[in-house]
Amino acid sequence: MIMRLFFILLFTLFSLNSFALQVGAERYEHYLPLLKKQRVALVVNHSAQTKSGHLLDSLLAKGVKVSKVFAPEHGFRGDHDAGAHVASNTDIKTGIPILSLYGKNKRPKVEQLHDVDVIIFDIQDVGVRFYTYISTMHYMMEAAAKYQKTFIVLDRPNPNIAYIDGPILEPAFTSFVGLHPIPVLHGLTVGELAKMIVGEGWLEESKSLDLKVIPVEGYSASMHYDLPIKPSPNLPNAQAIALYPSLCFFEATSVSVGRGTALPFQVYGHAELQLGKFSFTPQSIVGAAANPKFKGQRVLGVDLTKYESKGLDLKWLISAYQQLSSHNIPFFTHAKFMDKLAGTDKLRLAIEAGDPQQVIEQRWQRPLQHYLQRRQPYLLYQR
């Protein structure tokens with residue numbers, strides 16, 4: 001009982017400490033001098049919040065010349081569904097051009113950077129390799145190196161920083177949902193990852209990058225951190241963010257992960273076979289799930305809203321595969337996409353071969369140890 005109370009107190013203290021954090025964007029004294037008389041482009045979305053409001057508004061109020069904003073997947077306001085086309089437009093409030101970095105224009109064109117001296121990246125990440133904000137950062141870093149622009153990362157905490165797990169991406173499976181040879185749960189902030197990208201020579205550009213990272217003040221990897229704003233439409237809360245690394249693999253299967261409900265990435269199920277006792281009916285939701293899997297159909301599955309997730313867990317994926325396969329219902333309906341998410345085809349093939357979860361996970365333990373050593377020089381926070 002005493003030990004339990006100790007951990008509750010420790011958790012409470014860490015939670016309280018999170019309110020005292022200063023994210024990189026709020027540490028103006030460290031980067032405003034770099035913006036003096038410079039033309040600035042922001043790579044941001046709705047998550048670029050400071051205590052005084054959105055970063056764009058804060059910088060304009062301080063006299064910074066922001067020439068344009070580049071927006072990632074889900075758009076500048078974070079109100080587009082995954083994979084939805086995001087058009088370039090103009091911010092109604094400020095009149096500043098908003099240029100999409102999703103769809104066909106994932107990399108900025110040279111003419112979009114001719115009036116830019118400094119690029120600032122400030123987007124809340126969730127510490128998962130296939131969450132595409134870090135791919136957008138990578139492409140912008142390459143452009144900054146190629147056209148000799150200063151690149152500043154305003155760092156934010158990683159809500160999944162405590163976990164390093166999953167297969168390391170193999171080069172043959174590189175895609176927009178996986179650009180780096182890191183595990184599914186990489187345990188880095190975007191600032192640390194940016195340093196690793198440069199340090200390991202992962203940029204496809206021979207010119208050096210002028211990279212500057214503004215760390216989070218008062219942050220350590222042992223600190224619990226709940227995001228103050230949802231990072232994308234279908235990660236509405238801490239539970240969804242915690243389960244996302246495990247449940248996202250269902251996106252490549254015939255199983256629903258609750259898109260089109262109030263519980264995306266917190267439930268899963270199938271309309272043709274009862275995978276559990278929990279029932280849900282996906283519906284079209286503007287900005288979150290235009291055409292969800294099993295739209296309008298009753299789905300029976302599993303409710304994980306109360307489950308205490310601790311990193312990557314394959315048991316639900318393996319269980320659903322076994323149940324559907326035993327009834328001759330297709331499971332891996334998008335095998336190539338599954339392999340891109342996993343960063344390898346070995347995970348899918350192992351599940352299809354009936355390998356036990358423990359055996360599958362054991363295979364990536366040695367590569368993970370090598371990764372832990374490789375990332376060590378780039379860490380900014382106490383582990």
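Guide: Two strands pair if DSSP finds at least two bridges between them. Helices (H or I, at least four residues) and strands (E, at least two) are DSSP runs, numbered from the N terminus. This is a predicted model, in which local features need pLDDT of at least 70, side-chain atom pairs count only at pLDDT 80 or more, and totals for chains, interfaces and linings use all residues. Residues are numbered from 1 along each chain as its sequence is written, and side-chain values use heavy atoms, with hydrogens and water left out.

Now take strand S8, residues 150-154. Five of its five residues are buried, so the rest of the structure largely encloses this strand. Buried means under 20% relative accessible area, exposed over 50%, partly exposed in between (1.4 Å probe, protein chains only). Both faces of S8 are covered. Thr 150, Ile 152 and Leu 154 lie on one side. Phe 151 and Val 153 lie on the other.

Start with strand S7, residues 118-122. S7 pairs with S8 in the parallel sense, over four bridges. Here Ile 119 stands opposite Phe 151 of S8. From S7 the chain crosses through helix H4 (residues 133-146) to S8, in a right-handed β-α-β crossover. Right-handed means that, with the strands pointing away from the viewer, the path from the first strand over the helix to the second runs clockwise.

Next comes strand S9, residues 211-214. S8 and S9 also pair in the parallel sense, over four bridges. Ile 152 stands opposite Lys 212 in S9.
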